[in-house]
Amino acid sequence: VKFQSEYMELNDKVNEVNGKAYVNVTLSEENTIKYVTEAKAAKILEEGTGIIYFGFSTCPWCRSLVTTLAKVAEEKNETVYYLDVLNIRSTFEVEEGKLNKTREGSKGYYKILELLDDKLEEFYLVDEAGNKYDTKEKRLYAPTLVAVEKGKITGFHVGTVESQESGYDKLTEDQITEKKKIVKN
């Protein structure tokens, strides 16, 4: 119920930062998405079995994915372990041509980065002028889905569908079908 409430409370709302309408999300109270801690997510990645969804409710891309993810999980009677990454990731800003770390990621976040190292890309920040800054760390983007079997990663997907240009766009039927296939796999 908490997951449903967290995501659905933004339905019919506008992102105050950019003025764009959030994609509406439909989730049942019986959804099979379960919150986990950073330590639990790391333990699943190290030795467990399950599907982990890394995201956060205000992420437009996550909102495009989550309804399909929940439906597929319910159809398969599969628990999806959810870790909200918004406030555990490190954050950066560029000020006067200099990259500054504004928040250090949590220890659990860095442990997850270590466990997913070979799947993740280096994280660069680009300023308004197009200058690229190396943060010297990798990034767990949202949404990321990871399938794990006995500590071995068997599936890894970042984002929604390649053809989706903005997380605020309503998906076409073809895109929805493609997204469902990705989630099932």
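**Exercise 1. Find which residues form one aromatic cluster with Tyr35, and which charged end sits over the ring of Tyr35.**

Step 1: The cluster is formed by Phe3, Tyr7, Tyr35, Tyr53 and Tyr82. Rings of Phe, Tyr and Trp (its six-membered ring) pair if their centres lie within 6.5 Å; planes under 30 degrees apart are stacked, over 60 edge-to-face, and the rest tilted.

Step 2: Over the ring of Tyr35 sits the charged end of Lys2, 4.4 Å from the ring centre. Such a charge has NZ of Lys or CZ of Arg within 6 Å of the ring centre and within 35 degrees of the ring normal.

A note before you go on: this is a predicted model, where local features need pLDDT of at least 70, side-chain atom pairs count only at pLDDT 80 or more, and totals for chains, interfaces and linings use all residues. Residues are numbered from 1 along each chain as its sequence is written, and side-chain values use heavy atoms, leaving out hydrogens and water.

**Exercise 2. Classify the pair of Phe123 and Tyr141, and say whether Phe123 is buried or exposed.**

Step 1: The structure holds eleven aromatic pairs. In this one the ring centres of Phe123 and Tyr141 are 6.1 Å apart and the planes stand at 80°, so the pair is edge-to-face.

Step 2: Phe123 has 8% relative accessibility and is therefore buried (under 20%; exposed is over 50%, partly exposed in between, with a 1.4 Å probe and protein chains only). Tyr141, at 32%, is partly exposed.

**Exercise 3. Say whether Leu27 is buried or exposed, and how far apart the C-alpha atoms of Leu27 and Gln4 are.**

Step 1: With 5% relative accessibility, Leu27 is buried.

Step 2: The C-alpha atoms of Leu27 and Gln4 are 5.6 Å apart, although 23 residues separate the two along the chain.
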